[in-house]
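Me: Hi! I'm new to this one and would like a walk through it. Could you take my questions as they come?

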Amino acid sequence: MAASLEEMNAMQVDILKEIANIGAGHASSALSMMLEMRVEQQIPEVSLVRLEDMTDLLGGAERPVVGVGIVVSGDIAGYLLMLLDIGQAEKVVQAIRGQPAETNEYGEPFSMLDRSALQETLNIMAGSYLTALSEMTGLMGIPSTPDLALDMLGSVLSQPIAAAGESSDYVLYFRSGLFSSLSDDIGTFSGDLLLVPDKESYTTLLKSLGCE
C-alpha cells in the first residue's frame with residue numbers, strides 16, 4: 001500500500017516524480033551509450049511504500065528475480081536494490097551480448113558473462129536514480145560495490161527488509177520502463193528500484209522534501 005504519498009502536498013509529490021524522471025533519463029542516456037543505440041524512457045512511477053507491503057506489491061515471495069543490491073552511505077544511508085524478473089533480464093542479456101542468455105556450468109540460468117552484463121546494467125540503472133536523488137535534494141549517497149543475486153523475490157528482499165525493519169517503516173519505490181524502437185532484442189523492459197533508508201536518513205530525506 002503506497003498511501004503515504006497522499007500525506008504529502010502537491011509540491012512534494014512533484015519533487016519525487018521529478019527525481020524519478022531525472023533518474024530514468026540518466027539511465028536511458030547511459031544505456032544508450034553502452035548499447036550504441038537510442039534507448040528512451042517511459043514515464044516512471046514513484047511512491048513511498050510501507051515495508052510490510054513491499055513483497056506483495058512486487059509480485060509475491062516466490063517470484064523469480066535478478067537483483068543488484070548496493071549499500072549506500074553518506075547523507076543518505078541504507079540499501080538500494082534494483083530488480084528485474086527473469087524474462088526482462090533475458091532481454092537485457094540479448095541486447096547487450098547480441099545472443100540469447102545461456103546457462104552456467106551448473107545448469108543455472110545465466111552464464112558468468114550474462115551475469116556480468118546484468119550486474120553492470122542494473123548497477124547503472126540504480127546509480128542513475130541515486131544520482132538524481134542527490135541532485136534534487138542536495139543529499140550525498142555513496143554506493144558500495146554492487147552485489148548480484150538470482151533467487152526468489154522473498155530471499156532477495158530478506159536482507160534489505162531485515163536491515164530496514166529495525167529502523168524504517170517505508171521504502172522509496174520507483175518503477176522504471178525503458179525501450180528502444182531500433183532493437184527487437186531489447187524492445188521494452190522495466191524494473192523495480194527500491195531505496196530502503198535507515199531511520200535517520202528517512203527523516204533527513206523527508207525534511208529535504210519539505211516534510212517535517
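Me: Let's start with serine 32. Is serine 32 buried or exposed?

Reply: Serine 32 counts as buried, because its relative accessibility is 18% and the cut-off for buried is under 20%. Keep in mind that this is a predicted model.

Me: Where is serine 32 placed?

Reply: You'll find serine 32 in helix 1, which covers residues 10-35.

Me: And which residues is serine 32 in contact with, leaving aside its neighbours within four places in sequence?

Reply: Those are Met37, Arg38 and Val39.

Me: Thanks! Let me zoom out. How many helices and strands are there in the protein?

Reply: The protein has six helices and eight strands. Reading along the sequence, you get the pattern α-β-β-α-β-β-α-α-β-β-α-β-β-α.

Me: How much of the protein counts as buried?

Reply: Of its 212 residues, 49% count as buried. As for the accessible surface, the total is about 10,000 Å², and carbon and sulfur atoms account for 51% of that.

Me: What about contacts between residues at least 6 apart in sequence: what share join residues at least 24 apart?

Reply: That share is 73%.

Me: OK, on to strands. What can you tell me about strand 4 and how buried its residues are?

Reply: Strand 4 runs over residues 78-85, and six of its eight residues are buried, so the rest of the structure largely encloses this strand.

Me: Which way do strand 3 and strand 4 run, and how many bridges join them?

Reply: They run antiparallel, with eight bridges between strand 4 and strand 3 (residues 64-74). A hairpin of three residues connects strand 3 to strand 4. Strand 4 is also joined to strand 8 (residues 188-197), by six bridges, and that pairing is antiparallel too.

Me: Is methionine 82 buried or exposed?

Reply: Methionine 82 counts as buried, because its relative accessibility is 0%. Leaving aside neighbours within four places in sequence, methionine 82 is in contact with Val66, Gly67, Val68, Leu122, Met125, Ala126, Gly191, Asp192 and Leu193.

Me: How are methionine 82 and isoleucine 124 separated?

Reply: Along the chain they are 42 residues apart, and their C-alpha atoms are separated by 9.8 Å.

Me: Switching topic: how many aromatic pairs does a search of the whole structure find?

Reply: The search finds one. The pair is formed by tyrosine 129 and phenylalanine 174; it is tilted, with 5.0 Å from centre to centre and 40° between the planes.

Me: Where in the chain do tyrosine 129 and phenylalanine 174 sit?

Reply: In distant parts of the chain, 45 residues apart: tyrosine 129 belongs to helix 4 (residues 112-137) and phenylalanine 174 to strand 7 (residues 170-179). Tyrosine 129 is buried, with a relative accessible area of 2%, and phenylalanine 174 is buried as well, at 3%.

Me: Last stop, helix 6. Which residues are buried there?

Reply: In helix 6 (residues 199-208), the buried residues are Ser201, Tyr202, Leu205 and Leu206. Looking down the axis of helix 6, they fall within an arc of 135°, so they line one face of the helix.

Me: And which exposed residues are on the face turned away from the buried side of helix 6?

Reply: That face carries Lys199 and Glu200.

How values were computed
Residues are numbered from 1 along each chain as its sequence is written. This is a predicted model: local features need pLDDT of at least 70, side-chain atom pairs count only at pLDDT 80 or more; totals for chains, interfaces and linings use all residues. Side-chain values use heavy atoms; hydrogens and water are left out. Helices (H or I, at least four residues) and strands (E, at least two) are DSSP runs, numbered from the N terminus. Buried means under 20% relative accessible area, exposed over 50%, partly exposed in between (1.4 Å probe, protein chains only). Contact means heavy atoms within 4.5 Å. Rings of Phe, Tyr and Trp (its six-membered ring) pair if their centres lie within 6.5 Å; planes under 30 degrees apart count as stacked, over 60 as edge-to-face and the rest as tilted. The arc is that of the directions from the helix axis to the C-beta atoms. Two strands pair if DSSP finds at least two bridges between them. Accessible areas come from the Shrake-Rupley method with a 1.4 Å probe; for residues, only the protein chains shown count as cover.
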